[in-house]
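Please read the following note with the sequence and the structure at hand.

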Amino acid sequence: MILDLHTHSVKSDDGRAKVENYCQWIKAKEIPIDGFVLTEHRQYDFESDYSSLEKKYNLLILKGSEVETEYGHVLIFGVTKMLTTKLDFSRIDLTLRDVIHWSKACSAVAVPCHPGRPKVGMFAHTDRLGIPEGVEIVETLNGGSRDEEDKVAIENARSLEYKGIGGSDSHIVSHIGRCATIFTEEIRSMEVLVKELKKGNFEPISLRNRLK
Amino acid sequence: MADKTIKDVEFGEELPVFVPDTSLKRASVFASLVGWEGPRFSDHEKAREEGLPGAMVPGILNQGYLTAMIHQWAPNSTLISIDTIFRAPVMADEEHTMKAIVTDIDEEAQIVELDLTLANEKNETRVLGTARIKIAS
């Protein structure tokens, strides 16, 4: 099962892709992913229902979030109403410690994304702020990062024994599926995705060369 | 190039790659014409003194190039909107390529949406965005 764990739609302030166009693109270009997670910036989209698109295109469409901390941006999988009362997702000054703590407390998983990038990536801040406690997974393959930025992510993740995921970080339709995560188990819901992330049964994959 | 109708357009169709003139000379002349005098568009060394990696190509010139690419492909189209996100500076005197791909077609409204990207020689995306154009039936 292959999922793109990091995508943005028009719900994000800098997203320009409509969700149905993502689905059409995946099918038209035969991108070998089984679904994707919409991780909108600084919010959780409780309203949108993509079940009809899931059926129409035979794709899994899940929802997560991308929040902002002093260590850069962090994906959250398994967002609940309770978690959004504990963390104000709209803030750009959340602490990674709080994000990890409350995510765990609410049965969610927090994953620092594009950690090899300057400013918005975790490893740009670890020299100054130290290695944060509680991180177990980082996004080691990010479709929007440069090769050398992913290299920083991969090398640091390896030395700190973090697991890695992959996501395209797509903001426009044609960028979906550039990177993804392969799971050993079938995933049909966010609950199962969170469970599999916690179990560590996954690997990041790059599909960039296939899409060129 | 022949006129295009909405029925000629295919989902996923790639427009011909466009190589914009990103020379320092062109950037400098354009910046001067639009009243943006200053070293950041005309002098690499002085731009570096301002903390930039070198002289840049003005953003609105890049938008103009994107528009030109679209009109080369569909001369009879009308640009409704162009929306660009500048992820990183477009450096003058470095070669860049522009690409556009059809990502949505509304035949009834005669509207086509395009993904737009501008990348440097390392294939790093410097600018991305979308455009909406109207093409008659």
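Predicted model: local features only at pLDDT ≥ 70, side-chain atom pairs only at ≥ 80, totals over all residues.

1. Residues are numbered from 1 along each chain as its sequence is written, chains are lettered from A and ligands numbered from 1 in the order in which they are written, and side-chain values use heavy atoms, with hydrogens and water left out.

2. The interface joins 16 residues of chain A to 22 residues of chain B by contact (heavy atoms within 4.5 Å). The size of an interface is often given as the accessible area lost when the parts come together. Chain A and chain B bury about 1500 Å² between them, and 52% of this lies on carbon and sulfur atoms; buried area is the accessible area (1.4 Å probe) that two parts lose on being put together, summed over both.

3. Four salt bridges are counted between chain A and chain B (a side-chain nitrogen of Lys or Arg within 4 Å of a carboxyl oxygen of Asp or Glu). One of them pairs the side chains of A:R146 and B:E124, at 3.9 Å from N to O. On the side of chain A that touches chain B, helix α1 (residues 19-28) gives the largest share, four residues. Helices (H or I, at least four residues) and strands (E, at least two) are DSSP runs, numbered from the N terminus.

4. How many disulfides are found over all chains? The search of the whole structure gives zero, a disulfide being a pair of cysteine sulfur atoms within 2.5 Å. The sulfur of A:C23 is too far for a bond, because the closest cysteine sulfur, in A:C179, is 19 Å away. Likewise, the sulfur of A:C106 lies 19 Å from its closest cysteine sulfur, in A:C113, too far for a bond.

5. A:H73 belongs to strand β4 (residues 72-77) of chain A. Its relative accessible area is 13%, so A:H73 is buried (buried means under 20% relative accessible area, exposed over 50%, partly exposed in between; 1.4 Å probe, protein chains only). Among the residues that A:H73 touches, not counting those up to four places away in sequence, are A:E66, A:C113 and A:H114.

6. A:H114 is not a glycine, yet has a positive phi of about 30°. A:H114 lies in the loop between β5 (109-112) and α5 (126-129) of chain A and is buried, at 2% relative accessibility.

7. A:E161, also not a glycine, has a positive phi of about 60°. A:E161 sits in the loop between α6 (147-160) and β7 (163-167) of chain A and counts as exposed, at 73% relative accessibility.
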